[in-house]
Amino acid sequence: MQRAISLQTLYIDFDAFFATVEKQVNPALRGKPVGVIAMESEYSALIAQCYIAKAMGCARQMRVKEARKACPEITLVPARHDVYVDMHHRIIACVERTLPVKKVWSIDEVECDLSGFNEEAAIEVARKIRADLARDIGTEISPSIGLGANQLQAKIGAEMEKPQSFVVLHPRDFPGKLLNVPLGDVPGIAAGNIVRLRRAGINNMADLLAISAKHARAIWGSVEGERLWAQLQGYSIERPETQRSMFGHSRNLSGEWQRPEKALECLRLLTTKAARRVRADGFWSQKLTVSLKDEYKRKYHIERQFPPTRDDFNFQREMTCAYQELMTKNSHRKIRSIYVMLHGLCEQGDVMDDLFTTDESHNKKQKRETLCDVMDKVNSLYGASYLNIGPQPVIPGGYVGGKIAFGRVPTKEDFASLPPQAARKQAAARIAAKD
Ligand SMILES: [Mg+2]
């Protein structure tokens, strides 16, 4: 492990991303307070707010009523995840005209590698990216940029003077401005860590930098503490790529969708979405968990295990069994939220038919898998909901399976909708011609 002696990482974190994208695509919103809400409802909450709304006291997770009270002139727009994902891809393409993106951390955060650049060139490259973004994407989009010895330091730099940060934390100046960063603002230091740090007599950045790597590991009770400490010191840490362990989708329900039979319809859609992702990434799954929260916010869940599978029929059957079991164990009149997760993932080489599989059942299994593959292919060509097993209810709030979550930027296919009648006919003709 070596300590960097030059700038190694450029990190871009976009300010108030969803709200600024709304302003970028809708000029009527510019210069005004804007909030983005989860869905069109007075019971919804803010998921993002622009800096004007923030200055008026609006904050994330604030209910619509409170947001209007804090800022009566606020314009509230329901989230349009497809628009944000589209903008995300345009932004990456724009950055990559100057510098390759090393890692996409989230919909509005990316990391680029600066090795090979001297300080002057690194700063020039960062300035060019900022100017390109303003020219090609738009001036409402607001990048905060940090340059540092590694990803953590560059990210801290990007956070330091928001909005529109442009902070260089050169290893030569270490610890420099880092000393002013409150421990709670360091990505990776959670509230629980702060309590433990305090107990160990560590109250600020200077204290944390002064301890040993071993001590950091002991405070965290894991290697994470040592990793974080080393990054703060300017060492570069390459983390092993985490193996994907599950595919899950959740949904908050409102109105009639809280009825158990409607919640099951919604679960069916979420299961289909998760199963498509399992197949798209080349996995089989051996476990399924259904969770729900009832009207009193009590949580329940059931996990089921089965031989490795990748077809919708099996997943739907397992999901229905799990759900029915949940419903018989407790009688739920209203369901506030549901969650389905496919896990216990394995790859082709790990899949074995069980001992009692007959040729007939093996063939049937293969046919169902092939059918699912064909459906996925057709759906990727003609829209994500073009071919379905069973009816497709329209869930309020839309974007089933296409919501932006930490660590996963949805693909464009997640948003494709049913094509119009003409496209449908055309598609059918093309499929027939291929046969
Ligand atoms: Mg951001």
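1. Helix H11 (residues 260–280) lies across S9, strand S10 (284–294) and S12. The helix runs at about 30° to S12. The model is a predicted one, and the remarks here should be read as such.

2. The strands in question belong to an open sheet of four, ordered S9-S12-S10-S11, with antiparallel pairing. Strand S9 (246–252) and strand S11 (299–309) are the edge strands, each pairing on one side only. On average, neighbouring strands of this sheet are turned by 10° against each other, direction ignored.

3. S9 and strand S12 (residues 335–346) run antiparallel and are joined by seven bridges. Opposite Ser250 stands Tyr339, in S12.

4. Helix H12 (residues 312–329) also needs mention: this helix lies across S10, S11 and S12, and runs at about 150° to S11.

5. On the nonpolar cores: the largest has 58 residues, and Leu10, Phe17, Phe18 and Leu147 touch the most other members. Leaving aside residues up to four places away in sequence, Leu10 touches Leu99, Cys112, Leu114, Ala126, Ile145, Leu147 and Ala154. Another core, of 26 residues, lies apart from the largest one; Phe247, Val278, Phe315 and Leu326 are among its members. In soluble globular proteins, nonpolar side chains tend to be buried together.

6. For the chain overall, there are 14 helices and 12 strands. Of its 435 residues, 33% count as buried. Among contacts between residues at least 6 apart in sequence, 63% join residues at least 24 apart.

Key. Residues are numbered from 1 along each chain as its sequence is written. This is a predicted model: local features need pLDDT of at least 70, side-chain atom pairs count only at pLDDT 80 or more; totals for chains, interfaces and linings use all residues. A nonpolar core is a set of buried Ala, Val, Leu, Ile, Met, Phe, Trp, Tyr and Cys residues joined through C-beta atoms within 7 Å. A residue is buried if 20 or more other C-beta atoms lie within 10 Å of its own, exposed if 12 or fewer, and partly exposed in between; C-beta atoms are placed from the backbone. Two residues are in contact if their C-beta atoms, placed from the backbone, lie within 7 Å. Helices (H or I, at least four residues) and strands (E, at least two) are DSSP runs, numbered from the N terminus. Two strands pair if DSSP finds at least two bridges between them. Axes are lines fitted to C-alpha atoms, for helices over the stretch in contact, and angles run from 0 to 180 degrees between N-to-C directions.
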